[in-house]
Amino acid sequence: AAVKGSADLIVLGSHRHSAVVRFFLGSVAAQVALQAPCPVLVVRGAGTGLRRVAVGVDGSRNSTQAAAWLGRLPLPADCEGRLVSVPSNLQQIAHAHVLLTPPLTPETIPLDEWQRQRAANCLRELAAPLLKSGKCVATEIRSGDAAEVLQAVATDEGIDLLVAGSNDHNALEHLLVGSVSQQVLRHAPCSVLVVRGACAA
């Protein structure tokens with residue numbers, strides 16, 4: 001139907017009856033998100049409006065375009081946007097004490113610190129146009145499994161909508177990027193918007 005009607009967005013409804021219901025609806029949504037020609041929104045909750053929106057950012061093209069979608073959403077004036085970066089394997093890297101040395105970096109620096117610097121730079125770049133457009137945006141860097149961190153952010157901070165990028169160009173991208181959005185679709189306590197890279201422009 002989305003292909004035939006040239007849809008810009010697919011919307012699926014959900015009720016929080018149980019974790020089992022959420023899981024199976026999430027699995028349907030995950031399949032739709034992988035095959036749809038446009039972004040997919042799974043709506044959960046009582047429809048109290050958008051007060052807080054969070055976007056998962058990992059520096060990839062997909063997450064960058066997901067953040068750009070936040071800028072195009074007609075959010076309420078008092079809605080707070082949050083860009084959350086979860087550098088890959090940050091906890092493991094921190095314990096490994098791996099160093100990057102010249103010429104890879106201007107000076108010797110621990111790999112976990114380099115990861116954090118890259119994440120901070122990425123967040124600043126993505127937040128700048130959102131702030132310029134008048135949106136209220138905060139940024140943060142967390143460590144851990146990306147899907148679990150995003151779900152924790154949604155729960156701990158009362159997020160109404162999680163935005164994640166996804167792309168199915170190849171099996172590797174599906175494994176590294178798509179799996180995060182699929183886990184979030186299945187388990188997040190709030191509404192989830194999955195923005196596919198090819199359709200985000």
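Buried means under 20% relative accessible area, exposed over 50%, and partly exposed in between (1.4 Å probe, protein chains only). Helices (H or I, at least four residues) and strands (E, at least two) are DSSP runs, numbered from the N terminus. In soluble globular proteins, nonpolar side chains tend to be buried together.

The model is predicted: local features need pLDDT of at least 70, side-chain atom pairs count only at pLDDT 80 or more, and totals for chains, interfaces and linings use all residues. Residues are numbered from 1 along each chain as its sequence is written, and side-chain values use heavy atoms, with hydrogens and water left out.

V192 is in contact (heavy atoms within 4.5 Å) with V40, L41, V42, R44, L161, L162, V184 and L185, leaving aside neighbours within four places in sequence. A66 lies in helix 2 (residues 61-72). At 0% relative accessibility, A66 counts as buried. Beyond its neighbours within four places in sequence, A66 is in contact with V55, V163, A164, G165 and V195. A66 and S166 are 100 residues apart in sequence, yet their C-alpha atoms are 8.6 Å apart in space.

An open sheet of seven strands has the order 1-2-9-8-3-4-7, with mixed pairing. Its edge strands are strand 1 (10-13) and strand 7 (136-141), and each pairs on one side only. The twist averages 20° from one strand to the next. Two strands pair if DSSP finds at least two bridges between them. Strand 8 and strand 9 pair in the parallel sense over six bridges. L161 has S191 of strand 9 as its bridge partner. Strand 3 (residues 52-57) also runs parallel to strand 8, joined by three bridges. There, A54 stands opposite L162. Strand 4 (residues 80-85) and strand 7 pair in the parallel sense over six bridges. The bridge partner of S85 in strand 7 is I141.

Strand 8 (residues 161-166) is largely enclosed by the rest of the structure, because six of its six residues are buried. L161, V163 and G165 point one way, and L162, A164 and S166 point the other way. In a regular strand the side chains alternate between the two faces of the sheet.

Helix 5 (residues 146-156) lies across strand 3, strand 4 and strand 8. It runs at about 155° to strand 4; axes are lines fitted to C-alpha atoms, for helices over the stretch in contact, and angles run from 0 to 180 degrees between N-to-C directions. Its buried residues are A147, V149, L150, Q151, V153 and A154. Q151 counts as buried because its relative accessibility is 16%. Leaving aside neighbours within four places in sequence, Q151 is in contact with Q183, V184, H187, A188 and P189. D145 caps the N-terminal end of helix 5, with a side-chain oxygen 3.3 Å from the backbone nitrogen of A147. Just after helix 5, G158 takes a positive phi of about 60°.

How values were computed: Polar contact = N/O pair within 3.5 Å; in protein donor to acceptor, adjacent residues only side chain to side chain.
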